Amino acid sequence: MKSTDLAGNPLSPTDDAALAHYARALQEFHCYRGDPVATINAATAIQPDFVMGHVLHAWLHLLGTEPEGLAVARDDAAKAAACAPNRREQAHLDAIAHFAGGRWEAAGRVLEDLAIEWPRDILALQAGHLVDFYRGDSRMLRDRIARTLPAWDASLPGYHALLGMHAFGCEETGDYRRAEAQGRRALELEPRDSWAHHALAHVIEMEGRTADGIAWMRERQPHWAEDNFFAVHNWWHLAIFHLDRDEIDEALALFDGPIHGPRSVLMLDLVDASALLCRLQFAGIDVAARWTSIAECWRTSAQPGLYAFNDLHAMMAWLGAGQDANAGDWMAAQRNLDAAQIGDHAEIGATVGEPLLRAFGDLAAGRCAAAVETLRSVRPIAHRFGGSHAQRDLVDLALIEAALRGGQVPLARALINERLVRKPDSAINRRLVARLPC
């Protein structure tokens with residue numbers, strides 16, 4: 001029996017074979033490959049009282065933001081709590097309870113303190129990193145990881161994942177050179193690390209290096225597109241590169257193929273499908289016939305009010321498919337969130353979620369002045385409902401669309417100028433410029 005994991009973190013007494021499965025499941029989670037749920041199930045089958053086995057199983061079900069994952073995670077936490085967890089393991093259980101209860105800020109704080117005391121707890125770091133991402137906390141995306149780097153080196157399992165997470169945090173805080181260096185180092189250590197790959201895709205997208213991005217992603221495609229449950233998001237990045245080059249047929253082929261062709265009902269995949277189609281629509285492409293299948297997939301698995309970021313992308317599908325009743329239900333859910341049941345999401349829904357859903361609804365209905373007013377108010381705080389800079393760019397595009405349609409030409413011109421300074425060669429920006437009156 002072991003009393004520490006491979007990085008030296010304290011464990012409740014753990015069977016050697018169970019610990020080997022745990023280490024493998026962690027590596028699968030780091031790379032978003034294989035089936036870490038099945039792997040950790042094998043560990044708890046060997047040792048039913050394996051505390052960290054139940055903890056990892058809980059995090060795997062929580063961090064995908066799937067509605068049905070909540071009950072699974074709560075059951076896992078109950079099993080772990082009955083197995084005499086040590087202080088580190090109990091901290092994980094406290095964070096899980098907060099996250100499952102919608103108290104994501106509190107979950108992030110518990111994980112922060114956990115990693116301060118045990119800086120080599122890679123599961124606490126990865127869970128915390130994803131909490132920071134879902135909360136749009138770009139500084140903590142970087143600094144949660146940065147503060148632990150001196151405790152690590154390449155001899156420790158998961159070091160590549162630490163570098164990949166730091167790369168993404170650096171990108172989201174505008175340090176593109178450090179982000180690229182950390183991401184490339186991560187991929188040297190583990191070419192299949194799809195989070196590190198995605199961090200570099202963000203760097204290349206933010207810098208407008210679309211030709212480089214397409215070539216790089218195609219060259220490395222076997223590493224991120226095969227046996228990978230983060231593949232759709234990386235396909236989305238490739239589609240965005242093509243869209244920014246005005247290669248519309250290529251972007252549509254990716255939508256019809258790996259992004260939405262399998263009709264995935266996973267939240268993360270549906271977000272990418274809605275986001276790409278909405279961008280194509282704002283670019284003036286007729287995608288009306290494609291919205292219905294996305295709306296059907298959202299209807300299969302979405303529950304309003306659990307995460308405003310997901311809800312906005314579901315709203316895009318309802319509006320695109322002309323399903324106004326569903327759109328109304330989603331907006332009503334944002335207005336009626338119960339803080340006792342939903343936690344942080346009640347306040348985020350009221351300040352960010354409901355206004356954004358309402359603004360997209362106003363834009364679809366031709367109430368452009370109302371959409372402009374709402375989007376201008378919520379734009380400075382939109383990061384609070386999560387996602388990356390690249391994903392939240394849809395808020396800016398919606399504001400420009402509302403200004404153009406509503407005849408607010410000076411505002412539209414000013415907003416387009418913002419984009420031209422950052423990406424002067426962007427085809428999307430050129431399309432926007434072409435819509436301005438001479």
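# Close-up views of a predicted model

**View 1. I381 in the loop between helix 22 and helix 23.** I381 sits in the loop that joins helix 22 to helix 23. The model shown here and in the views below is predicted. I381 has a relative accessible area of 31% and is therefore partly exposed. Leaving out residues up to four places away in sequence, I381 touches T351 and V352. V352 is 29 residues from I381 in sequence. In space, the C-alpha atoms of I381 and V352 are 7.2 Å apart.

**View 2. Helix 21 against helix 22.** The axes of helix 21 and helix 22 (residues 368–378) come within 8 Å and cross at roughly 155°. Helix 21 is therefore roughly antiparallel to helix 22, as angles over 145 degrees count as such. The crossing is left-handed. Helix 21 contributes T351, V352, P355, L356, R358, A359, D362 and L363 to the contact. Helix 22 contributes C368, A370, A371, T374, L375 and V378. T351 and V352, on the helix 21 side of this contact, are also the residues that I381 touches in View 1.

**View 3. Helix 18 and its surroundings.** Helix 18 covers residues 308–320, 13 residues in total. From first C-alpha to last it reaches 18 Å, close to the 18 Å expected at 1.5 Å a residue. Of the 13 residues, 12 are buried, so helix 18 is largely enclosed by the rest of the structure. The buried residues are A308, F309, N310, D311, L312, H313, A314, M315, M316, A317, W318 and L319. The cover over them includes helix 16 (267–282), helix 17 (291–301) and helix 19 (324–335). It also includes helix 21 (344–364) and helix 23 (389–405). After helix 18 comes G322, with a positive phi near 70°.

**View 4. N310 within helix 18.** N310 belongs to helix 18. Its relative accessibility is 5%, so N310 counts as buried; the cut-off for buried is under 20%. What does N310 touch, not counting residues up to four places away in sequence? The partners are T65, M267, V271 and W298.

**View 5. Helix 3 against helix 4.** Helix 3 (residues 51–62) packs on helix 4 (residues 69–81) at an angle of about 165°. Their axes are 8 Å apart. The two helices are therefore roughly antiparallel to each other. Helix 3 passes helix 4 in a left-handed crossing. On the helix 3 side, the contact residues are V51, H54, H57, A58, H61 and L62. On the helix 4 side, they are G69, L70, V72, A73, D76, K79 and A80.

**View 6. N41 in helix 2.** N41 is placed in helix 2 (residues 36–46). Its relative accessible area is 36%, so N41 is partly exposed. N41 and G53 are 12 residues apart in sequence. Their C-alpha atoms are 7.7 Å apart in space.

**View 7. The hairpin of strand 1 and strand 2.** Strand 1 (residues 2–4) pairs with strand 2 (residues 10–14) in the antiparallel sense, over 2 bridges. K2 stands opposite T14 of strand 2. The hairpin has 5 residues between the strands. In this hairpin, G8 takes a positive phi near 90°.

**View 8. The loop between helix 13 and helix 14.** D227 lies in the loop between helix 13 (221–225) and helix 14 (231–244). Its phi is positive, near 50°, in a residue other than glycine. Most residues other than glycine have a negative phi. N228 is placed in the loop between helix 13 and helix 14 as well. At 12% relative accessibility, N228 counts as buried. Setting aside neighbours within four places in sequence, N228 is in contact with C31, Y32, R33, R192, S194 and H223. N228 and L130 are 98 residues apart in sequence and 17 Å apart in space, C-alpha to C-alpha.

**View 9. D246 in the loop between helix 14 and helix 15.** D246 is placed in the loop between helix 14 and helix 15 (248–259). Buried, exposed or partly exposed: which describes D246? With a relative accessible area of 34%, D246 is partly exposed. D246 is not a glycine, although its phi is positive, about 65°.

Technical notes: Residues numbered from 1 in each chain as written. Predicted model: local features only at pLDDT ≥ 70, side-chain atom pairs only at ≥ 80, totals over all residues. Heavy atoms only, no water. Helix = DSSP H or I, 4+ residues; strand = E, 2+ residues; numbered from the N terminus. Expected span 1.5 Å × (residues − 1). Buried < 20%, exposed > 50% of the residue type's maximum accessible area, 1.4 Å probe, protein only. Contact = heavy atoms within 4.5 Å. Pairing = 2+ DSSP bridges. Axes fitted to C-alpha atoms, helices over the stretch in contact; angles between N-to-C directions. Parallel < 35°, antiparallel > 145°, perpendicular 65-115°, else oblique. Left-handed = near helix turned anticlockwise from the far one by under 90°.
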